[in-house]
Amino acid sequence: TKIACAVNITYDGEGARARLDFTGTGGVAKGNLNANRAIVKAAALYSLRCLIDADVPLNEGVLEGIDFVIPEPSILSPGQGDLPPEELPAVTSSRS
C-alpha cells in the first residue's frame, strides 16, 4: 500500500519563522509504519540542521521558530487512542 507524505515549506526570509505544512499526507497506515508529532519534529530538526550552513544546537528551542501543520489522523499523527498496542508509533523511532 502506498501512502503519500507531503510537505510544503515556507520561510519568511528574515530568519524569524518557518512553516512545515504536511497537508496532503496520507492516512493512518496499518501496522507500525505510523509516526507521531515528536518523530516528525525530530526528523524536521535533523533535516533543517543538514540544510543550514551553520552550527545549530540540537535542542527543542531551535523549533520555536517553526510552525508545524500536521493533519490528524494521518501517518504522521495517527492518534493513539484508536490503535492496538502492537501498532503504536513508538516502534518507528526505535533502533535495533
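Thr23 sits in the loop between β2 (18-21) and α1 (37-51); helices (H or I, at least four residues) and strands (E, at least two) are DSSP runs, numbered from the N terminus. The model is a predicted one, so to speak of local features takes pLDDT of at least 70, side-chain atom pairs count only at pLDDT 80 or more, and totals for chains, interfaces and linings use all residues. Residues are numbered from 1 along each chain as its sequence is written, and side-chain values use heavy atoms, leaving out hydrogens and water.

**Around Thr23**
- Thr23 is exposed, at 51% relative accessible area (exposed is over 50%, buried under 20%, partly exposed in between; 1.4 Å probe, protein chains only).
- Setting aside neighbours within four places in sequence, Thr23 touches Ala6, Val69 and Pro71 (contact: heavy atoms within 4.5 Å).
- Its side chain also has a polar contact with the side chain of Asp21, at 2.5 Å (a pair of N or O atoms within 3.5 Å; within protein, one must be able to donate a hydrogen and the other to accept it, and residues adjacent in sequence count only if both atoms are side-chain atoms).

**The cis bond**
- Glu72 to Pro73 is a cis peptide bond, with omega near -10°.
- Most peptide bonds are trans.
- Pro73 lies in the segment after β3 (66-69).

**The whole chain**
- The chain has 1 helix and 3 strands, in the order β-β-α-β from the N terminus.
- Of its 96 residues, 28% are buried.
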